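Subject: Structure for you to look at

Hello,

I am passing on the structure we spoke about.

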Amino acid sequence: MATPEDANASLKTEVSEIASVHPNQSPKSGVSSAKPPQESTRSLWLRRTVILSFWAVAVLLGLPVWWKTTAIYRSDLPLQAMSDWAEGKIGKPVFPLRIAVEAPILPQDTHSLIQTTQHVLDDLNEFSAHQLRLMPVDPPLTANASQHVVVDGTRNSGDDKDTTLLIRLIPVETGETPRSYLQPYSPTLHVYYSPSHISSVSSTASPLAAFIARELHDIFAEEQAQLAYLLSTTSGEHIAKVHSLPQETAAELQRRSTRVLKYAPTYHLTFSLFTPTSTPSAWDIEAALRQYMAPLLESFSAISNFTIDTQVQLYATLSPSFPPPEYDENAKAWTLRNEDLSGFINAAEWPLSPSIADGPTVNFALYVPEQSQSPLLVKDSGASSWLVPQWGGVAILNPPSTEQDAAPLSALSKEALAPAMQTFSNQLISLLGLPQTPASLPLRLSTLTRVRAASLVFSASSTLGALAQVYQKLPSIPVPDTVAKSVDLALQHLQQACDELREGRFQGALEHARIADGEAEKAFFERSMVGQVYFPDEHKVAVYLPLLGPIAVPLLMAALKEIKNEVAAFKARRAAS
Amino acid sequence: MPKYDKALVFGAAAAVRLFLFTAFPSLPNLLAGRVEVSTPVTSFKRLQEGLFLYTHNVSPYDGGVYHQAPLLLPLFSLLPNPSYYPLATNILFVLVDLLSASALAQIADSGQAAVTRLFKSSRKELRWTSTAVAAGFLFNPFTFITCLSRSTSALNNLFILTAMAKACQGASITSLFALSFASYLSMHPIILFPPLLVLLYDVRTSKSKSPANPAVFAAIHTTILTGMIGALLGVSVLLTGSWDFVASTYGVRLLLPDLTPNVGLWWYFFIEMFDSFREFFLGVFWLHVASYMPGLTIRLRKQPLFVATTLTGIFAIFIPYPSIADAGLYLSLIPLFSHLFPLMRYTFLALSNTMYASFLGPAFYHLWIYAGSGNANFFYAITLVWNLGLSIIVGDSLYAALRDELEVERPELRDKEVTRI
């Protein structure tokens, strides 16, 4: 390519100079005219205009094109704010939990009881970001309201949704006092006390106050541990004074967090029935799901949504490399070895599609073994189900009848599916990271909301921090406006999430944290930013040189020669004059 | 007798073309599939695809296959379907070739190649007759193949030749109309406007008693050309209902999204190009094509027709989607300047180079694509040789034209060896 360009570009300047005769062939005289005849002014200027026209194209059009096409567009990012978030300088998440106290006693007594209890509670609490705040239910209407509420037992502490727990004091005459009972399906703690306890509520040594405080502390111990663990693993130590977790608690939390699925607003659940033979070929999964799964999913709906599909796979054999089950004479059962379980799922042949919906897929596989290999159990533990971390769960459903001549089951009824469904429910609960205590499901769910919100805030912050670092370390990557927009949105929602946390509105905080995390990820993984990351500056020489060689050299040489001639002529004129 | 000669040449050319069309019905499709002949922006197959979409009331650009001007569609939709009744289409393309040849003959008759208002070649008597020039076009194998493949660059060539012919006759409006059509069809002929403007000015001035003001003349003609191109674009918008066609036609020529191999220099370069520099080099390559125009027009101010001819040669080498049709146009225009032939130094080299590349090009393409025993470098290397050959002709003819000017200026230097100092 160099050849034609070179030839053409320099030709015009060169050929235009064929204006003088070869000295040896000068027709005029062979004696003294070694000097070529003077070039006419006209041809001189013609030549200069031609050179100038090429320069004009290069400078007037070429330079703007170069400037425009190689400029790297970098929109401004709020770097300071982004790294501040990542370092935890702003937006410390705090978790003030509101706990309403409802007591059929005089308001001032309630007040002093609350004060005392709060005092004891604060002494017990080692984790400053997580605070329990006691307050009376509906202060202006205490007496009447309490009457009313006692009658209406299911009522959830007035209209205030932000109240985490309701403590209901109930006077009793008999039994051991004080004692407590946590409602399993509503966030209510019943505390039974004998009226004699009330008299001493104002003193710090009140047994009732101490009892309530200890109960509360126990109830929220796991949540505190989880949050503390989260803080210690995901952010710098300066973000909060992390109270030292006991070694075994930390290890347990670590173990649990490895199996929990990454948070997503929507999960896709796949229920699959695998059987190595032709039976059972049908299962009453819809009814079973409705009965056993739907209530659980319903209660999770504040945190995540779920979509479900189901499938039946007949003649689904185990992978050939999977060691076949062995018959255990003692247990009278076929057994699988514990260490082989990871290979149980025949990923190559069983159609467990990775993800067909937006969210991550949670797989639940129900395996019905052959009649001849039933019952099939896990060796040693004798369990018939196990959990695959971050993937789903497997359950083996051994047909109920083990008599040899019984006809194989052709369809699984809702009742037959019940144990498997319960197993799956438990597996789903631990896959979603629901804490194991306290006993009240609503409380556990609200704990999960807080933990998820906090972890989303941390993950969004650290993503933003990483983006800020990338922005500063790699000045050559382009940053489109969409990234700046996403970052702004993420920062905004982060702030809102933290505000909501501080206000105690955890549901809203989760919403905002979810958006913030999504936007932060979108900004960080913007496709057009990565193109030029691995393009060192030295390569640009290799890109420009083939261009600068053939085009720039004739241009520069022609211009230099003209300038030199002009300077020489100018000097000659001055010398002459 | 010359009348008779001309009729014979034209008749023979038409007869041979029609004979080939009818005797070998599969030949047009075979040729239309060759990368050397059909480019993404001129291919007849793509035109048929666009036509099909157009006649079925779908936007012809929706398929992403058709990249040609919208106005071709109503023209070709008037003809019967070429898959079943190819005769009408074939006759159209034969007519296009005959009209091009007649335009070329008009250029030759005008004598503007050797004698202009400001310049009289010292060898002006060395002239081919217009019939010979037309025959050179009609029986040029490149023109022949273009016609048989029914590539729309034949239409483009017709408009360029008509613009030149009418400019040589001083017919401003017709010339500008043809030029605007050529620019509308394939964009780059707009670069021919300045030399044709100079040519028009020279012819008009030598014909009339009172020369027009050059600035006013240029302004009027620029306005007319802009108006005509604007009108053509406007009609296209009316036809397709939106401006979307611009991105699919001129956008494709400017941004080179289709890297199908062709005889040009761009495709290989842009396959290898780093993505981040792609836009920059697109700008550089296009500027490179355009940058010759001002320098040549200024330097060869006295021979505008020669400038226009040389620019067609530069198009044949440097535009993004060149085909042998562009080379055919340039090689057919060269005989107009037969008075320069004695001054050209590398005629043999250029000729043998062109033939060498013409025969080896298809062979190397076969080795690469079908036999699999070669790779892309084989074909690219032969296109480099092909373009080298064309560059030699361009450079050599430029040398000859400048030498000719020098000899007019200094008659005493005729037939003497000169050297540059």
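I began with helix α13 of chain A, residues 506-524. This helix has 19 residues and reaches 26 Å from its first C-alpha to its last, close to the 27 Å expected at 1.5 Å a residue. Please keep in mind that this is a predicted model.

The buried residues of α13(A) are Phe506(A), Ala509(A), Leu510(A), His512(A), Ala513(A), Arg514(A), Ile515(A), Ala516(A), Asp517(A), Glu519(A), Ala520(A) and Ala523(A). They pack against two other helices of chain A, α11 (441-473) and α12 (481-503).

On the nonpolar cores: the largest has 121 residues, and Leu104(B), Met164(B), Leu196(B) and Leu311(B) have the most contacts inside it. Helix α18 of chain B (residues 376-409) gives the largest share of this core, 12 residues. Beyond its neighbours within four places in sequence, Met164(B) is in contact with Ile107(B), Leu196(B), Leu305(B) and Ala308(B). Another core, of 102 residues, lies apart from that one; Leu77(A), Val191(A), Leu464(A) and Ile515(A) are among its members. Ile515(A) is also one of the buried residues of α13(A).

On confidence: chain A averages a pLDDT of 78, and 82% of the residues score at least 70. Over residues 139-159 of chain A the pLDDT is below 50, and this stretch has 18 contacts in the model beyond near neighbours in sequence. Residues 237-242 of chain A are also below 50, with 13 contacts counted in that way. Where pLDDT is low, the predicted coordinates should not be read in detail.

Regards

Notes: Residues numbered from 1 in each chain as written. Chains lettered and ligands numbered in written order. Predicted model: local features only at pLDDT ≥ 70, side-chain atom pairs only at ≥ 80, totals over all residues. Helix = DSSP H or I, 4+ residues; strand = E, 2+ residues; numbered from the N terminus. Expected span 1.5 Å × (residues − 1). Buried ≥ 20, exposed ≤ 12 C-beta atoms within 10 Å, placed from the backbone. Contact = placed C-beta atoms within 7 Å. pLDDT = per-residue confidence, 0-100. Core = buried A, V, L, I, M, F, W, Y, C linked by C-beta atoms within 7 Å.
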